[in-house]
Amino acid sequence: MSMQWELERTGDIGVMRLSGFLGAGVVHRFTGAVDWTGTRCPGAVVVDLAALRGWSGDGEAAIVNAAGRLGPDRGPLAVCGLGERAAPLLVTARGLGLLRLFPDTDTALAALAPH
């Protein structure tokens, strides 16, 4: 199974919706998608994992690495849609301030929207 992604813009915020499986074999596609999103959306980036069936350790690490690819001017990468899945690297990255975790896209967009 491979990973698919689509981009939706909400103002300056880019929402990357992932589906399929984020494994080692498709990490390069995910990295390319993050770079592509970064050039088209000047604001924060949200990675929605709700439709993702799973990931490998390399896939989870790629999500953490995406936070560094976007640059500090965008604020921490926002990740949502984990559900009940274990994600130790993402939780650690949140604790280090590298990314923010939200239960769903609506909550992430509400937190990131300019006030």
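Trainee: Is threonine 107 buried, partly exposed or exposed?

Mentor: Quick note before we start: this is a predicted model, where local features need pLDDT of at least 70, side-chain atom pairs count only at pLDDT 80 or more, and totals for chains, interfaces and linings use all residues. Residues are numbered from 1 along each chain as its sequence is written, and side-chain values use heavy atoms, with hydrogens and water left out. Buried means under 20% relative accessible area, exposed over 50%, and partly exposed in between (1.4 Å probe, protein chains only). Threonine 107 has 33% relative accessibility, so it counts as partly exposed.

Trainee: Which helix is threonine 107 found in?

Mentor: Helices (H or I, at least four residues) and strands (E, at least two) are DSSP runs, numbered from the N terminus. Residues 105-112 form the helix that holds threonine 107, and that is α4.

Trainee: How do the elements of the protein chain run from the N terminus on?

Mentor: The secondary structure comes to four helices and five strands. From the N terminus on, the order is β-β-α-β-α-β-α-β-α.

Trainee: How far apart in space are threonine 107 and cysteine 80?

Mentor: In sequence, 27 residues separate threonine 107 and cysteine 80. In space, C-alpha to C-alpha, the separation is 8.6 Å.

Trainee: How many disulfides does the structure hold?

Mentor: A disulfide is a pair of cysteine sulfur atoms within 2.5 Å. Cysteine 41 is in no disulfide, as the nearest cysteine sulfur, that of cysteine 80, is 14 Å away. For the whole structure, the number of disulfides is zero.

Trainee: What is the relative accessibility of cysteine 80?

Mentor: Let's take both cysteines. Cysteine 41 is buried, with a relative accessible area of 1%. Cysteine 80 counts as buried too, because its relative accessibility is 0%.

Trainee: What radius of gyration does the protein chain have?

Mentor: The radius is taken over C-alpha atoms, and the globule rule is 2.2 Å times the number of residues to the power 0.38. With 115 residues, a compact globule would come out near 13 Å. The protein chain agrees with that, at 13 Å.

Trainee: What share of the residues in the protein chain is buried?

Mentor: For a sense of the overall dimensions, the C-alpha atoms fill a box of roughly 40 × 25 × 25 Å, taken along the principal axes. Of the 115 residues in the protein chain, the buried share is 45%.
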